[in-house]
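Student: Please pick one part of this model and take me through it slowly. I'd like to see how its pieces meet.

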Amino acid sequence: MMIKIKSGVSFFLLLLLVCFGCSDSDSPDDTPTYGQISISVDETFMPLIDSEIDTFEGIYTYAAVKVSYKTEAAAFNDLMNDTIRLIIVPRQLDKNELKEFEKWEIVPKVTKIAYDAVALIGSKELKDSTLTLEEIKTLLSGGSTKSLKNVNVVFDNNNSSTINFLKEKTGVEKLSENCYALTSNNAVIDYISKTKNSIGVIGVNWISDRDDTTNQSFLKSVKVLEISTGENSEYFKPFQAYIAQKIYPLWREVYIISKEAYTGLGTGLTAFIASERGQRIVLKFGLVPATMPVRLVELINEELTY
């Protein structure tokens with residue numbers, strides 16, 4: 001009889017261990033401030049997101065964010081193919097992508113974190129420093145403007161989000177042979193600084209960080225172009241005030257898109273970037289915060305009379 005009781009107790013303990021083991025395997029391995037997560041980010045936002053992640057991991061020392069910088073299309077492919085659960089990109093989900101989420105019975109979490117701008121930089125001896133959207137369309141199509149002829153237009157990648165953005169903005173369907181793709185935004189800045197009669201297309205955060213001495217030295221050998229919606233309209237550089245007012249023609253929005261079904265590290269990272277501290281980093285990199293108010297101050301240069 002004693003043997004039967006011991007055997008029954010052993011079986012009961014074993015059953016408990018199995019149940020607890022099953023429960024643990026189904027529970028998330030991360031919390032908003034603990035664990036590991038892999039994310040995919042549009043490479044035009046690399047300087048900004050590197051700084052956001054460094055600060056986040058500095059505060060939450062048990063959190064590890066592995067980031068892969070790639071094209072916008074590749075980031076969306078990762079999200080839709082279940083490779084990762086969070087991306088940072090310059091557009092929202094389209095109709096087909098939303099239908100897939102409906103099939104999965106998942107409600108995507110979309111958070112706007114910043115207003116960005118696509119900046120055009122030119123070589124120092126470029127004859128013109130202003131362009132209209134129509135002139136940009138002409139250059140992308142292989143034509144010439146009144147002052148610019150045989151200009152090379154350089155992008156950071158063949159599938160860059162900046163290409164898609166300019167195509168949509170100007171109505172160009174196919175880029176001309178005068179348009180080239182390099183391997184990174186840094187490569188574009190370097191190329192423009194060394195190559196005459198050329199224009200580069202980059203994300204504004206690559207030229208806005210005053211603490212980045214390398215890029216600041218590059219900027220001394222290039223010029224940031226002013227853009228206008230038309231010949232009779234005012235020209236603007238991609239300054240924060242003009243992005244905030246949406247009067248710089250090449251502004252766009254930045255989103256975090258997550259399909260995290262629980263309150264995990266992706267939720268924590270999103271909350272941090274959208275917080276006051278995260279938005280101050282957005283401000284530092286030349287973008288405009290999307291989740292906190294921005295104060296614009298107008299300075300008027302007038303002579304004082306006594």
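Tutor: Let's start with a word we'll need: a crossing is right-handed if the near helix is turned clockwise from the far one by less than a right angle, and left-handed if anticlockwise. With that in hand, look at α2 and α10, where α2 passes α10 in a right-handed crossing. Keep in mind that this is a predicted model, with local features needing pLDDT of at least 70 and side-chain atom pairs pLDDT 80 or more, while totals for chains, interfaces and linings use all residues. Residues are numbered from 1 along each chain, and side-chain values use heavy atoms, without hydrogens or water.

Helix α2 covers residues 46–59 and α10 covers residues 265–274 (helices are DSSP runs of H or I, at least four residues, numbered from the N terminus). Their axes come within 11 Å and cross at roughly 115° (lines fitted to C-alpha atoms over the stretch in contact, with angles from 0 to 180 degrees between N-to-C directions). The two helices are therefore roughly perpendicular (65 to 115 degrees).

Now for who touches whom, with contact meaning heavy atoms within 4.5 Å. From α2 come Glu 52, Thr 55, Phe 56 and Ile 59, and they meet Leu 265, Gly 268, Leu 269, Phe 272 and Ile 273 of α10. By class, that contact has 6 nonpolar, 2 polar and 1 charged residues (Ala, Val, Leu, Ile, Met, Phe, Trp, Tyr, Cys and Pro are nonpolar, Asp, Glu, Lys and Arg charged, the others, Gly among them, polar).

Finally, α10 is mostly covered, with 7 of its 10 residues buried (under 20% relative accessible area, using a 1.4 Å probe and protein chains only). Those are Leu 265, Gly 266, Gly 268, Leu 269, Thr 270, Phe 272 and Ile 273.

Key
Angles under 35 degrees count as roughly parallel, over 145 as roughly antiparallel, 65 to 115 as roughly perpendicular and the rest as oblique. Buried means under 20% relative accessible area, exposed over 50%, partly exposed in between (1.4 Å probe, protein chains only).
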